Amino acid sequence: GGQHINTRAGMLQRMYTRWAERRGMKVELIDYHAGEQAGIKSATLLIKGENAYGYAKTESGVHRLVRISPYDSAARRHTSFSSVWVYPVIDDDIQVEYNESDLRIDTYRASGAGGQHINTRAGMLQRMYTRWAERRGMKVELIDYHAGEQAGIKSATLLIKGENAYGYAKTESGVHRLVRISPYDSAARRHTSFSSVWVYPVIDDDIQVEYNESDLRIDTYRASGAGGQHINTTDSAVRITHIPTGIVVQCQNQRSQHKNKAEAYNQLRARLYERELQIREQAANAENATKTDIGWGHQIRSYVLQPYQLVKDLRTGTTSTAPSDVLDGDLDPFMAAALSQRVTGEKVEVEDVD
């Protein structure tokens with residue numbers, strides 16, 4: 001598809017240039033590889049403007065063009081494909097930082113009937129995790145709160161700061177079931193309610209990517225296209241391959257190999273940064289996919305206050321006959337058993353309590 005494909009790449013270059021200009025952004029052509037007969041093989045645009053990456057980041061992908069090629073004397077219809085890769089401009093070398101010390105805990109009530117009783121249950125969970133953290137000398141901050149219409153809460157988010165906080169509490173995510181005689185039922189009947197807990201680590205906003213020079217393969221070659229005698233007769237173009245990820249960047253737009261190399265390094269850092277953003281987004285989506293319905297059959301732990309007293313973890317079988325202590329933050333035995341199970345992979349059959 002030679003000329004037709006090369007022309008398609010040029011059309012994309014013009015399309016994004018025009019889009020940026022329409023928004024009053026500045027556009028700079030920082031790398032360009034001309035086609036053998038027409039159009040371009042590849043080009044790199046630097047677009048500077050307010051929220052430029054925020055608008056354009058979803059444009060990455062393969063773009064398909066169907067048309068009657070002006071280079072086909074038989075006037076046949078041709079299909080061509082061109083790839084677009086959008087990534088942010090960054091200034092610093094980067095290393096990913098992940099803070100396992102701090103965590104956030106979200107508590108949500110189930111929707112539907114149960115009103116005050118369910119809202120109170122969510123509030124009990126909020127207090128339980130607050131007391132657990134305080135027992136361990138951790139700092140607790142209430143960063144989001146939605147009150148119930150008459151009592152309790154609809155949802156709340158706690159920020160807990162302390163040594164290995166997330167390491168201890170990460171197995172607490174799931175549905176928690178409470179059985180008790182509701183103080184809001186004049187007939188003193190036993191009620192069952194469900195609330196969801198979601199535990200996730202605090203991620204440092206400073207994304208920094210480090211790479212080893214030994215992981216890079218740097219090639220120099222003779223630049224192609226316009227640029228005069230000097231640019232075409234010296235190995236001024238630079239290509240850098242990041243071997244662990246397979247990311248390849250190149251630059252030949254400058255006469256100086258040193259400048260091309262510096263620009264290629266900038267592109268590599270940006271590509272690695274974008275890759276890390278994608279990894280984090282995929283991880284967050286995977287975590288969200290593990291969330292279950294807030295209801296029967298999904299609970300990880302049951303708390304029975306009446307007519308008898310028992311707390312039972314349905315994953316490990318760990319129990320306590322002192323639910324008041326558990327609700328006051330005595331969670332370490334449950335956390336330790338769940339963490340041990342995660343390490344060993346051992347599964348046990350546990351029946352829920354009535």
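1. The pocket lining by element. Please keep in mind throughout that this is a predicted model. In the lining of the largest pocket, strand S2 provides the largest share, namely nine residues. At least two residues each come from helix H1 (2–22), strand S1 (26–34), strand S2 (40–48), helix H2 (52–56), strand S4 (77–84), strand S12 (247–251) and helix H6 (257–289).

2. Volume and composition of the pocket. The space in the largest pocket amounts to about 1200 Å³, and 40 residues line it, with Ala-43, Thr-44, Leu-45, Trp-85 and Tyr-87 lying nearest the centre. Sorted by class, the lining of this pocket holds 23 nonpolar, eleven polar and six charged residues.

3. The aromatic pair. A pair of aromatic rings is described by the distance of the centres and the angle of the planes. The count of aromatic pairs in the model comes to one. Its members are Tyr-211 and Tyr-265, whose ring centres are 6.3 Å apart and whose planes meet at 15°, so the pair is stacked, given that planes under 30 degrees apart count as such. The pair links distant parts of the chain, since Tyr-211 belongs to the loop between strand S9 (190–203) and strand S10 (216–221), while Tyr-265 belongs to helix H6, 54 residues apart. Both Tyr-211 and Tyr-265 are buried.

4. Charges over rings. Which ring lies under the charged end of Arg-23? It is the ring of Tyr-55, with the charged end of Arg-23 at 4.0 Å from the ring centre. Arg-136, for its part, lies over the face of Tyr-168, and here the distance to the ring centre is 4.0 Å.

5. Gln-299. This residue lies in strand S13, which covers residues 299–304. Is Gln-299 buried or exposed? Its relative accessibility is 9%, and because the cut-off for buried is under 20%, Gln-299 counts as buried. The side chain of Gln-299 also makes a polar contact, at 2.6 Å, with the side chain of Asp-352.

6. Ile-240. Strand S11, comprising residues 237–242, contains Ile-240. The relative accessible area of Ile-240 is 0%, so this residue is buried. Between Ile-240 and Gln-250 the separation is ten residues in sequence, and their C-alpha atoms are 6.1 Å apart in space.

How values were computed. Residues are numbered from 1 along each chain as its sequence is written. This is a predicted model: local features need pLDDT of at least 70, side-chain atom pairs count only at pLDDT 80 or more; totals for chains, interfaces and linings use all residues. Side-chain values use heavy atoms; hydrogens and water are left out. On a 1 Å grid over the protein atoms alone, a cavity is a set of points where a 1.4 Å probe fits but cannot get out, and a pocket is an open set with protein on both sides within 12 Å along at least five of seven lines; lining residues have an atom within 4 Å of a point. Grid points are joined across faces, edges and corners, and a volume is the space filled by probe spheres set on the points. Helices (H or I, at least four residues) and strands (E, at least two) are DSSP runs, numbered from the N terminus. Ala, Val, Leu, Ile, Met, Phe, Trp, Tyr, Cys and Pro count as nonpolar, Asp, Glu, Lys and Arg as charged, and the others, Gly among them, as polar. Rings of Phe, Tyr and Trp (its six-membered ring) pair if their centres lie within 6.5 Å; planes under 30 degrees apart count as stacked, over 60 as edge-to-face and the rest as tilted. Buried means under 20% relative accessible area, exposed over 50%, partly exposed in between (1.4 Å probe, protein chains only). A charge sits over a ring if NZ of Lys or CZ of Arg is within 6 Å of the ring centre and within 35 degrees of the ring normal. A polar contact is a pair of N or O atoms within 3.5 Å; within protein, one must be able to donate a hydrogen and the other to accept it, and residues adjacent in sequence count only if both atoms are side-chain atoms.
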